Amino acid sequence: MAAPHPIWSRAELALTLLAINPEGLGGLWLRARSGPVRDRFLSSLDALPAPVRKLHPRITDDQLFGGVDIAATLSSGRVVQEQGLLSGSKTLILTMAERCEAGLSARLAQTLDCRKHCLIALDEGADPDETLPPALSDRMAFHIDLNDVALGQTGPIAFNLAKQIDNADIATPDEVFSHLTKTALSFGISSLRAVQHTLEAAKAHAALFQRKTLDIADLQAACELVLVPRAVQFPDADDAPAETPPNDRQSDDCPRGDSEQMDLPEEILLEAVQALLPPDLLAQIARQKAPRSSGNGSGDVSKGNRRGRPLPPQAGRLDGTTKIDLVSTLRAAAPWQPMRRMVSPRGQALHIRPADIRVKRFEEQSDRLLIFTVDASGSAAMSRLNEAKGAVELLLAEAYARRDHVALVAFRGTGADVLLQPTRSLVQTKRQLAQLPGGGGTPLAAGLQSAMGLAKTSKSRGMTPTIALLTDGRANIALDGSAARVPAGTDAEKMADTIAAQNIASVVIDVSKRPHRALESLAGHMRAPYMPLPRADARSLSTALSAALAD
Amino acid sequence: MKQPFPFSAIVGQDEMKQAMILTAIDPSIGGVLVFGDRGTGKSTAVRALAALLPPIQAVEGCPINAATFADCPDWAGIETDKIVTRPTPVIDLPLGATEDRVVGALDIEKALTRGQKAFEAGLLARANRGYLYIDEVNLLEDHIVDLLLDVAQSGENVVEREGLSIRHPARFVLVGSGNPEEGELRPQLLDRFGLSLEVASPTDIDERIEVIKRRDAFERDYQGFMSHWRAEDAKIRDQIVSAQAKIAHIPTTEATLRDCAELCVALGSDGLRGELTLLRTARAWAAYHGAGEITRDHLRAVAPMALRHRLRRDPLDEAGSGARVGRVVAETFA
């Protein structure tokens, strides 16, 4: 059999170290599709301290933390507390970790902070942005990605934990602290938890090999395991101080000559990590920084939902967040009535058991809001305001079909107006649009600002806003109303950046006669798809917009 | 249970430590909100706060920590008027807390076993005269936030449910922490915090090394580490107690009031809460330093944390509101 894949060997080592110090290392984030490779890895999780409990992303607080067991309390006549999954268990396995929401991740993070548990997060995310919340992954020492490993490249995981030294007995040479800190910084890892985890991992590694003092092999292994997956930049001797200006002491403190008196040369650590970094690291980082729009697959959190479609009721428990479906509960209990009446000592008319309880469920989907931000300036009016209106009308028809809300913002002269607050009345929208006069300057930044304000308020009301910007892109009025092309352009760009940072979906439609390079870059700032109208006929426009909206 | 990481052993993060001390000196400042990146010691600092707080006198067994027997609520059924010294309560409000647990609810045990309608006090009652700590405050469920806003405003918790009609004082200092990347805080809740901080990972390499060293020592030699730093914590606590004694003797001069008002006008902060907080914070800071009066240096030192979260958002300002406050302070006091 061929030698195991290097990632597999590292995964094996990570699991071993985790078994040595589960609480200190926090856990392991396993990114792998379900399959034989993952199964093989999971089969060796038994080495972790028992009891092991499985969690799923939709787990309720009652299940996690425990609470009063209403059913048992009622039947026994005294308070019966129910144990949560967290109490008593040592190892938690979070399945479908990519669907884990911020709320659950915060609760689990608090749990991990108590250092009594260790968490294995099984992440099956397909896209790079379908992933575990960073608050949680930051608290777990090991990040392992098994997606590139084939079954033939795996081997059995053998543990040899019999003889190991107590963690507290392992001496840490003083310079280890500075080496690890600097190494982490040179890879652009700012969280101090990573360094802490590296140190713990190194100690576990030393314990495994029964060394009383950390040596270079321990540190190297720990850096490979903990720091490599977190690296966000390549270390560069010349660039490092420039990129992190406050750290210029770094180069002062450790000039090359000094390294002779240290017995653990820092370069070895750097090289160890660097050798394992994927060549397309920077591209990956760029991808990770892209907005996590609806990438986790769960859509926007829906508050104040008015469009919940009722789903069939389900057997469930009344835990304060659910509503009982009385009719179906009675229906579920009905067939058993004669039988229950026979065995019941009390002659009660209706016998309902906890198992009969049915709870209401709704399909949660938040309403969508399309914010049309239309350029009504002189230059746009000259070119193709009418066509832009036509495009908007086309989109309106589509919005109507989907029962989306629409809002209209127009900018011309020195500022922007919200002509129409979010509404479903398309007639009103059309009327406003038809009356829209053209003329004046192009205060693009002001238009974007109004649109963003609208998007933010609607978001807090539970809608999912999308900004559709129709402009010819020749911004010439700055935010403060002054007519100057350059500040107007930078203001618009800053605004676009802010919109992107707010994770507001948007689409830019160029209505100028000729596609405009500046507008394309603006779309880049907004992280929005860019569509030049001249090339787009009505049909392709609507397809492209639907595609932009669908994600 | 293991004691949390000691306050005085936290490396750097001076502004955060300063804010914690200030709110301990004068609880009427109104609590602290710490926002920042992951792994910057936010939760550590808040959990360590408990060790700094001077103890309070309360009636034994009183669920709302009442200072005198007369203040004890009827429903608690307190029969003794013995006063005991207990540590200032720092109550953790977990994200998953249900409304029942927060405001209190019908005592199910008594209701079922004895048929009595009794009230079981919630977290708000236990936090009375103390601190209520919410980690990841920006992820708190909306209906719990609404509840907190109302109680923090009125200082009274009113429970009208399950046939109960109970009200009890709930005066507490809100302490919250969170990571802004995971969600924003509603402005209404933001305004309830007296001081607001933004923390970042230390960039100084030696500081970072020291953090790791201390954390490692804490894990490895828990006893030795704690016995050393507990003494340091006690020193800070003594300073807090002596500052509390001085605070009443620090006069508020016309000039200070004018400075506060000018700052707030220049910054365009909404409402008058900014001025009040700024004044109280500066006074506490002066008392902590043993000064007899509030100087402009004191105002300068606390203005960013007292005013940062009261500004209108300017989406185009990338420098952050703390820098904006600093700039305006420099201009106003020029």
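Biologist: In what order do the five strands of the open sheet in chain B stand, and is the pairing parallel or antiparallel?

Modeller: In this predicted model, the order is β4-β7-β10-β1-β11 (chain B), and the pairing is parallel. From one strand to the next, the twist averages 15°.

Biologist: What makes β4 and β11 of chain B edge strands?

Modeller: β4 (90-92) and β11 (195-199) of chain B each have a single partner strand, so one side of each is left without a neighbour in the sheet.

Biologist: Why is Gln196(A) called buried?

Modeller: Buried means under 20% relative accessible area. Gln196(A) has 6%, so the residue is buried. Gln196(A) is found in helix α9 (residues 192-208) of chain A.

Biologist: Which residues does Gln196(A) touch, not counting residues up to four places away in sequence?

Modeller: Gln196(A) touches Arg115(A), and from chain B Ile212(B), Arg215(B), Asp216(B) and Glu219(B).

Biologist: What makes Phe177(A) count as buried?

Modeller: The cut-off is under 20%, and Phe177(A) has 6% relative accessibility, so Phe177(A) counts as buried. Phe177(A) has its place in helix α8 (residues 174-186) of chain A. Leaving aside neighbours within four places in sequence, the contacts of Phe177(A) are Thr172(A), Leu199(A), Ile209(B), Ile212(B), Lys213(B) and Asp216(B).

Biologist: How far apart are Phe177(A) and Val195(A) in sequence and in space?

Modeller: They are 18 residues apart in sequence and 8.6 Å apart in space, C-alpha to C-alpha.

Biologist: Which residues touch the most other members of the largest nonpolar core?

Modeller: That core has 61 residues, and those touching the most other members are Phe7(B), Met20(B), Ile21(B), Leu22(B), Ile25(B), Leu195(B) and Leu278(B).

Biologist: How do you know that this core lies between domain 1 and domain 2 of chain B?

Modeller: Domain 1 (7-199) and domain 2 (254-332) of chain B both give residues to this core, so it lies between them. Apart from this core lies another, of 56 residues, including Ala19(A), Ala32(A), Leu208(A) and Leu225(A).

Biologist: What is Ile25(B) in contact with, leaving aside its neighbours within four places in sequence?

Modeller: Ile25(B) is in contact with Ile240(B), Ala243(B), Gln244(B), Ile247(B), Ala284(B) and Tyr288(B).

Definitions and conventions
Residues numbered from 1 in each chain as written. Chains lettered and ligands numbered in written order. Predicted model: local features only at pLDDT ≥ 70, side-chain atom pairs only at ≥ 80, totals over all residues. Heavy atoms only, no water. Core = buried A, V, L, I, M, F, W, Y, C linked by side-chain atoms within 4.5 Å. Buried < 20%, exposed > 50% of the residue type's maximum accessible area, 1.4 Å probe, protein only. Domains from an automatic or database assignment. Contact = heavy atoms within 4.5 Å. Pairing = 2+ DSSP bridges. Helix = DSSP H or I, 4+ residues; strand = E, 2+ residues; numbered from the N terminus. Axes fitted to C-alpha atoms, helices over the stretch in contact; angles between N-to-C directions.
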